[in-house]
Amino acid sequence: MSLALATLIYEWRRYLAAVIALAFSGMMVLAFSGLFAGIIHSVFATTERSRADIFIMPPNTPQMTNGNPTLPDRVQPMIYLDPEVTDVESLVVNGGQWVNAPKPGAKQVEQYVQFWAVDPAPNALTLPTDYTEATRIALTEPGAVAMDASVLPALGVKLGDQASVNGHTVHVRAILHGYSNADGIELVASRDTMRLLGMIDEKSGRTGPLMVRIKDPKRAAIVEAHLNSFSHGLYRAWTREEFNRANEQAVMSEQIVGLLLVFSVFLAVLIGIGVTSQTLRGAILSNIREFASLRALGIGMGSLRLIVMEMSFWAGLIGIAAALGLTWLIAAGAGSIGLPIVMRLPTIIQVSVMMLIIAVISGAMAMSILKKSQPADLLR
């Protein structure tokens, strides 16, 4: 065991504040980025969890958040020109006015809601993979709707209640999890139910974005290129990964989201460097006689600086472990109340590197205190 690690373990109380500061910094960035990612994945859960391998969008609209994503009707048969395509379905998203049927003494709720259409047939292309069999069967009933558990209070209903949408009666037949939208209320219904609600206009000559299933999902990139080669500018094909990334980047590029994320990273770095460097300075100062003893034994200032840097490195590693543990607890707690936090390996790696850099910078800033480790002070 190195001298730096032994000192850190023996004097752990003096270095605890530095570790806590690092852990808090990392946890704050991980939690914020995970929350934003979770919200994004909840918004686009219906497409991300579908069985589609490729998505067909208008050429100038690479994501679902902005613009008009509809396509000419003639595009759908064009997709079947590729022999590897097995199924093509349109993605229908529309909205309407929700009015609940309140119990005596309860408040009536009128709210604009957005509907996503799914086909409740077994293994249907538009049916999300995480739907239970009970949910699928429930949506086959005309007028049946499903919604995320988090929107039940806002709509004034519970499982089994009825309400009206655009003057048509609907029934709450299924409760979903992980399908919330911070910008609005989203519901799910079958394509037939959405026709009953007047949300599908089959005479408009337009169709929604197209979802495509192919024989071998591993060849999605090849089929994508083939489809784009004869699109004639009518559409643009995207693999599932590209489409999901485009949607995420579109949401993250919105001003308020980007500013919040940048601010959280800036605040985390500021707290991490400020508190950690001052804590390390205090801990080194309290052990200054030990460092003076090392200098009296002939150990040079360069070696002492390396000891401080190694201590900072180990403090950073411990802080990373603590940050991951705290973030896991926060994610578990948030998940229990329907707030999704998604942790991904690239984000974890980036934040871990950031924390190590903060620890090393803090150690470098604290090294100036070593000038006080004069061997002559041992004679006083």
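At 9% relative accessibility, Thr-207 counts as buried (buried is under 20% relative accessible area, exposed is over 50%, and partly exposed is in between, using a 1.4 Å probe and protein chains only). That residue belongs to a predicted model, where local features need pLDDT of at least 70, side-chain atom pairs count only at pLDDT 80 or more, and totals for chains, interfaces and linings use all residues. Residues are numbered from 1 along each chain as its sequence is written, and side-chain values use heavy atoms, with hydrogens and water left out.

**The chain overall**

- The protein chain has 13 helices and 12 strands; helices (H or I, at least four residues) and strands (E, at least two) are DSSP runs, numbered from the N terminus.
- Of its 380 residues, 48% count as buried.
- Take the contacts in the chain with a separation of 6 or more: residues 24 or more positions apart account for 79% of them. Contact here means heavy atoms within 4.5 Å.

- Leaving aside neighbours within four places in sequence, Thr-207 is in contact with Thr-70, Leu-71, Pro-72, Asp-73, Gln-76 and Ser-90.
- Ile-79 is part of helix α4 (residues 75-79), and it counts as buried because its relative accessible area is 0%.
- Not counting residues up to four places away in sequence, Ile-79 touches Ile-56, Val-85, Val-88, Leu-210, Val-212, Leu-227 and Tyr-235.
- Ile-79 and Ser-231 are 152 residues apart along the chain, yet 8.9 Å separates their C-alpha atoms.

- With strand β11 (residues 210-214), β1 pairs in the antiparallel sense over 3 bridges; two strands pair if DSSP finds at least two bridges between them.

**Strand β4 and its partners**

- Strand β4 (residues 93-100) and β5 run antiparallel, with 7 bridges joining them. Gly-96 stands opposite Val-113 in β5.
- β4 also pairs with strand β7 (residues 162-165), again in the antiparallel sense, over 3 bridges. Trp-98 has Val-165 as its bridge partner in β7.

**Nonpolar cores**

- The largest nonpolar core has 22 residues, and Val-118, Tyr-131, Leu-139, Ala-146, Leu-176, Val-188 and Met-211 have the most contacts inside it. A nonpolar core is a set of buried Ala, Val, Leu, Ile, Met, Phe, Trp, Tyr and Cys residues joined through side-chain atoms within 4.5 Å.
- Two or more residues of this core come from each of β1, β5 (110-118), α5 (133-139), β8 (168-176) and α9 (240-252).
- A second, separate core has 21 residues, including Trp-98, Ala-117, Leu-152 and Val-170.
- Leu-139 touches Val-118, Pro-120, Tyr-131, Ala-144, Val-145, Ala-146, Val-188, Ala-189 and Ser-190, not counting residues up to four places away in sequence.

**The cavity**

- There is 1 cavity of 30 Å³ or more in the structure. On a 1 Å grid over the protein atoms alone, a cavity is a set of points where a 1.4 Å probe fits but cannot get out, and lining residues have an atom within 4 Å of a point.
- The largest cavity holds about 60 Å³ of space; its volume is the space filled by probe spheres set on the points, with grid points joined across faces, edges and corners.
- Its lining has 13 residues, and Thr-46, Trp-116, Tyr-179, Glu-186 and Val-188 lie nearest the centre.
- That lining divides into 9 nonpolar, 2 polar and 2 charged residues (Ala, Val, Leu, Ile, Met, Phe, Trp, Tyr, Cys and Pro count as nonpolar, Asp, Glu, Lys and Arg as charged, and the others, Gly among them, as polar).
- α2 (12-43), α3 (45-48), β6 (144-148) and β9 (186-190) each supply at least two of the lining residues.

**Positive phi angles**

- Asn-123 is not a glycine, but it has a positive phi of about 60 degrees. Asn-123 lies in the loop between β5 and α5 and counts as partly exposed at 47% relative accessibility.
- His-232, also not a glycine, has a positive phi of about 55 degrees. His-232 is in the loop between α8 (220-229) and β12, and counts as exposed at 69% relative accessibility.

Methods
1 Å grid on protein atoms, 1.4 Å probe; cavity = no way out; pocket = protein on both sides within 12 Å on 5 of 7 lines; lining within 4 Å.
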